[in-house]
Amino acid sequence: MKPLLRFEAVTLRRGGRPLFERLELTLGPGEALHLAGPNGSGKSSLLRLAAGLLRAEGGVVERTSVALADDALSLDRELPLGKALRFWAAGADQAIEAMGLARLADVPVRLLSSGQAKRATLARVAASGAPLWLLDEPLNGLDGDGVERLDSLIAGHRAAGGAVLAASHSALNGDWARLELGQ
Amino acid sequence: MSGPGLKRLIARDVRRAVSGAAWLPIAFFLLVATLVPFAVGPDAQLLGSIGGGALWIAALTAALLPIERLVEPDRADGVLDQLALHGVAEESVAVARVVAHWLTFAPPLLLAAVPGAIILGLTPAALRAALVALAVGTPGLAALAVAVAALTAGLPRAGGVAAILLLPLAVPLLIFGAAASGGGGSSALLLEGAVSLLIVAGAPFVAGAAIRAGRT
């Protein structure tokens with residue numbers, strides 16, 4: 001079966017310092033990989049590489065279409081949350097419901113708390129329809145209910161043949177392969 | 001996965017510009033036009049002969065004001081990254097932005113040029129020539145503003161750097177635009193149109209490459 005993401009001998013340097021060299025990585029349908037490692041070990045850079053937003057120094061990155069949730073909110077602050085999310089995906093309502101944001105749909109984005117904003121970025125990923133999800137510190141700011149909702153979204157996505165690549169310092173629930181960077 | 005189309009991008013940019021401070025460059029334009037009679041005195045003949053050029057200087061300085069909100073907010077907030085993930089080319093983003101910026105910048109500027117021309121003592125014929133020249137030049141000015149905004153996005157003191165970058169590049173527009181406003185005839189207007197079209201055609205590629213190169 002064709003993998004959703006494949007790194008072949010990928011080397012990345014930031015500011016002249018190698019973050020990783022000749023990294024091999026394959027992510028197929030239904031798989032999930034937890035990226036771990038100390039601060040500055042290149043977890044976020046690896047996600048941006050996988051998203052195609054950075055170019056590798058060497059090696060090949062192959063991927064399908066991806067959705068990324070990182071620190072950037074990327075939602076228009078003056079719009080109500082529902083409308084701001086629908087700018088990115090017309091059918092966002094189901095994802096809004098799934099992340100428990102339904103009662104906030106009419107609230108302007110600028111009034112959201114950081115945890116609610118995190119839920120919104122995760123809802124955008126869920127609504128994207130992309131087979132590969134890239135999540136940068138998905139648990140930051142989430143409460144217990146948020147974590148549960150994210151877990152069930154990820155489980156559903158994997159069951160439907162999707163893959164997830166997540167960078168996180170905390171342990172992730174469920175069955176994840178693990179890649180330790182910066183060693 | 002299909003991203004927002006060009007029409008939705010333009011609609012979003014127009015909405016954000018209008019709900020932001022779209023009137024600010026226009027107020028600035030009128031203010032600069034008002035300063036000229038104070039600086040050179042109320043001599044109607046002198047004002048009439050420099051009025052067309054003064055309108056252009058006012059338009060150029062007004063074009064500098066919106067630059068910092070054209071690209072940087074969306075770069076910093078990850079919107080440009082998300083658009084790339086949704087398969088929207090950076091060049092398309094730049095085209096949408098040029099169109100939206102022109103729509104929110106040029107019509108109010110042309111409206112404001114009427115009181116501006118009266119302040120500067122332009123005759124009705126000179127006003128007409130100035131309006132045509134501004135209408136032909138503003139697409140180039142809008143495209144230049146977007147390209148410079150993309151080139152300076154994320155830099156410290158971007159506003160100052162943008163001014164130093166934009167004003168020299170706008171000199172060809174200024175030369176032919178002011179000549180067309182000041183009765184330089186149709187050849188000046190044609191050359192101004194050529195310069196304006198050239199900038200409109202090139203700016204999206206410059207802006208697109210700048211957005212890509214600016215990713216970290």
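The model is predicted: local features need pLDDT of at least 70, side-chain atom pairs count only at pLDDT 80 or more, and totals for chains, interfaces and linings use all residues. Residues are numbered from 1 along each chain as its sequence is written, while chains are lettered from A and ligands numbered from 1 in the order in which they are written. Helices (H or I, at least four residues) and strands (E, at least two) are DSSP runs, numbered from the N terminus.

**Helices H7 and H11 of chain B**

- The axes of H7(B) (residues 90-119) and H11(B) (residues 186-213) come within 8 Å and cross at roughly 125°; axes are lines fitted to C-alpha atoms, for helices over the stretch in contact, and angles run from 0 to 180 degrees between N-to-C directions.
- H7(B) is therefore oblique to H11(B); angles under 35 degrees count as roughly parallel, over 145 as roughly antiparallel, 65 to 115 as roughly perpendicular and the rest as oblique.
- Residues in this contact include Val95(B) and Val98(B) of H7(B), and Phe205(B) and Ile211(B) of H11(B); two residues are in contact if their C-beta atoms, placed from the backbone, lie within 7 Å.
- The contact of H7(B) with H11(B) has ten nonpolar, one polar and three charged residues (Ala, Val, Leu, Ile, Met, Phe, Trp, Tyr, Cys and Pro count as nonpolar, Asp, Glu, Lys and Arg as charged, and the others, Gly among them, as polar).

**Helices H10 and H11 of chain B**

- The axes of H10(B) (residues 171-181) and H11(B) also come within 8 Å, crossing at roughly 150°, so the two helices are roughly antiparallel to each other.
- Among the residues that meet are Leu173(B) and Phe176(B) in H10(B), and Leu189(B) and Val195(B) in H11(B).
- The contact of H10(B) with H11(B) divides into nine nonpolar, two polar and one charged residues.

**Contact between the chains**

- Chain B gives 13 residues to the contact and chain A gives 17 residues.
- On the side of chain B that touches chain A, H6(B) gives the most, with five residues.
- That side of chain B has five nonpolar, four polar and four charged residues.

**Sheet of chain A**

- An open sheet of three strands in chain A has the order E2-E1-E4, with antiparallel pairing; two strands pair if DSSP finds at least two bridges between them.
- E1(A) (residues 5-14) and E2(A) pair over seven bridges, and Arg6(A) has Thr26(A) in E2(A) as its bridge partner.
- Helix H1(A) (residues 43-51) packs on the sheet, touching E1, E2 and E4 of chain A.
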